[in-house]
Amino acid sequence: VSTQSTGHFKKRVLANLLSMTSSCQSFPLSAEILLQIFSFLDYRSLLSCAVVCRDWCGVTITPSLWKQLCLLRYAWLPSSASLFGILCSEATWKRFYLDKAWIQRNWLKQRYEAKLIPAYSERVWSLSANQIETIIASCDQRLKEIKLWDVHDGKLKGVLLGHKKKVNTIDFMTNHILISGSTDCMMGVWDTQTCTCITMIENAHQSSILIIKGDKELLQVFSGSHDGALKLWQITDQGSASHITTFSGHKGAILCIDFNQEIVATGSFDHDCRVWSRSTFACLFVFSGHQAEINCLHIHGNKIATGSTDSLVCIWNKDASHKYPIMLQGHKCSVISVQMNDQVVISGSYDKVVGVWDTRNGKLITWLKDYDDWIYITKLDNQKLVTAGGRNINVYDYRSGNLLYYIKLHQETVLACYISPSLLVAGDRAGQISIISFNKYWGKEDVIQPTKMKKKACM
């Protein structure tokens, strides 16, 4: 039986059951049976069932129904929901789901509020936001300081001082704990509420720290350095840091890191991608296929996509017995951004185009050529594709592949971005930072008229 016919049969059975129940005054189905039936419905159907009668309404607000919808639709939400209390305070799963659905609609309908901040005299290099997205941290790679900005009014909240050389990378771990890595080989742990340094780990690496990436759920930090070492650190709620282990093997600088619950992958200047176990700390695979340094990578399921200066994108299967990748050829310059899901791989390059590829066979689907400069950032979810190239930030409808609109706030090339379900922060070569919020409830009089674009199928 095909999936389509099974789904059609399920809908017919559910429709008949619900119709029979709603027309019967004796209410023959118990709350437990109704809960089982409602678990197959989408959120619009649940809202429709809620207005049938008081008993049905009581069943439709069961938290487990909306929790299931949240975890299915929002893949970034941890299954343990440790972030739920932070993001939603005392809100219900239903309220959380409907809020996020509204925000997603704002993205697709070009409904946002934007601010432009003159933050630096030159380029913005790294950006991060705390978990409730009230504070933005930034650094420009020339200075020893980190600046903190208020998301709501765009004002400077404070400056973090303590590094001896330029700051290369930053990442928030909690609402108030920020981690930084610097050319001075030190890793800093900061309290952004008091703008003070909690811990400054001297000689955290033997050379410049180039990249830091934090696991917010486990409060663990991966740091990659010019010395070729990947280190894992444990951060406490109070901000103290302890070294867990060092992953050795790379012969060149670590340029990119990605992880999931089971593995962590690194791309290096030595042309290799290494995959490590997070439980045993052992190196599981060494993928060698690129002819130049690996600039970016992304883990999705059992596959890893890597982008390199050799202009290739490779898709590696970590569960396959062989180590030969699917090679995506077509870019003319270095690949500097890559994202992947079950259907497509999205790649951004110095050649000013975005490649859209079939994840299964590596065939090119289309090129997106709506850019005037390098493509530094691509972000993909189940409804939209966001790309930053040149002075524009483009938003595509993932389902139809159409370019919905572009956001043009910057006068210079965008180099850094922070993108979440409700917030987009971008920094450019001229030192300006844009804060773009999508979480407002818009009335009809507030809606920004969408920029008229030529329809372009890409997926």
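Which residues make a nonpolar surface patch of about 260 Å²? Leu-156, Val-159 and Leu-161 do, and the close-ups below start with them. This is a predicted model, in which local features need pLDDT of at least 70, side-chain atom pairs count only at pLDDT 80 or more, and totals for chains, interfaces and linings use all residues. Residues are numbered from 1 along each chain as its sequence is written, and side-chain values use heavy atoms, with hydrogens and water left out.

**View A. Leu-156, Val-159 and Leu-161 form a nonpolar surface patch.** A patch is made of residues with over 30% relative accessible area and no salt bridge; like charges are joined within 9 Å, and nonpolar side chains (Val, Leu, Ile, Met, Phe, Trp, Tyr) within 5 Å. A salt bridge here is a side-chain nitrogen of Lys or Arg within 4 Å of a carboxyl oxygen of Asp or Glu. Areas come from the Shrake-Rupley method with a 1.4 Å probe, and for residues only the protein chains shown count as cover. Look for Val-159 in strand E5 (residues 156-160); strands (E, at least two residues) and helices (H or I, at least four) are DSSP runs, numbered from the N terminus. Val-159 has a relative accessible area of 30% and is partly exposed, a class between buried (under 20%) and exposed (over 50%), using a 1.4 Å probe and protein chains only.

**View B. Strand E7 (residues 177-182) is largely enclosed by the rest of the structure, because six of its six residues are buried.** In a regular strand the side chains alternate between the two faces of the sheet. On one side of E7 sit Ile-177, Ile-179 and Gly-181, and on the other Leu-178, Ser-180 and Ser-182, all of them buried.

**View C. Strand E7 has antiparallel partners in E6 (residues 167-172) and E8 (residues 187-191).** Strands count as paired if DSSP finds at least two bridges between them. Five bridges link E6 and E7, with Ile-170 partnered by Ser-180, and four residues lie between the two strands of this hairpin. E7 and E8 also share five bridges, and here Leu-178 stands opposite Trp-190. Their hairpin has four residues between the strands, and Cys-185 in the turn has a positive phi of about 70°. Back in E6 you will find Val-167, buried at 0% relative accessibility. Its C-alpha is 6.5 Å from that of Cys-139, 28 residues away along the chain.

**View D. Helix H3 (residues 43-50) has Tyr-43, Leu-46, Cys-49 and Ala-50 as its buried residues.** They lie on the same side of H3, because they cover an arc of only 115° around the axis, taken from the directions from the helix axis to the C-beta atoms. Cys-49 has 7% relative accessibility. Between the C-alpha atoms of Cys-49 and Thr-60, 11 residues apart in sequence, the distance is 7.2 Å.

**View E. Strands E28 (residues 392-397) and E29 (residues 403-408) run antiparallel, joined by five bridges.** Asn-392 has Lys-408 as its bridge partner. The two strands form a hairpin with five residues between them, where Gly-401 in the turn has a positive phi of about 80°.

**View F. The side chains of Thr-378 and Ser-337 make a polar contact of 2.8 Å.** Such a contact is a pair of N or O atoms within 3.5 Å; within protein, one must be able to donate a hydrogen and the other to accept it, and residues adjacent in sequence count only if both atoms are side-chain atoms. Thr-378 belongs to strand E26 (residues 375-380) and is buried, at 6% relative accessibility.
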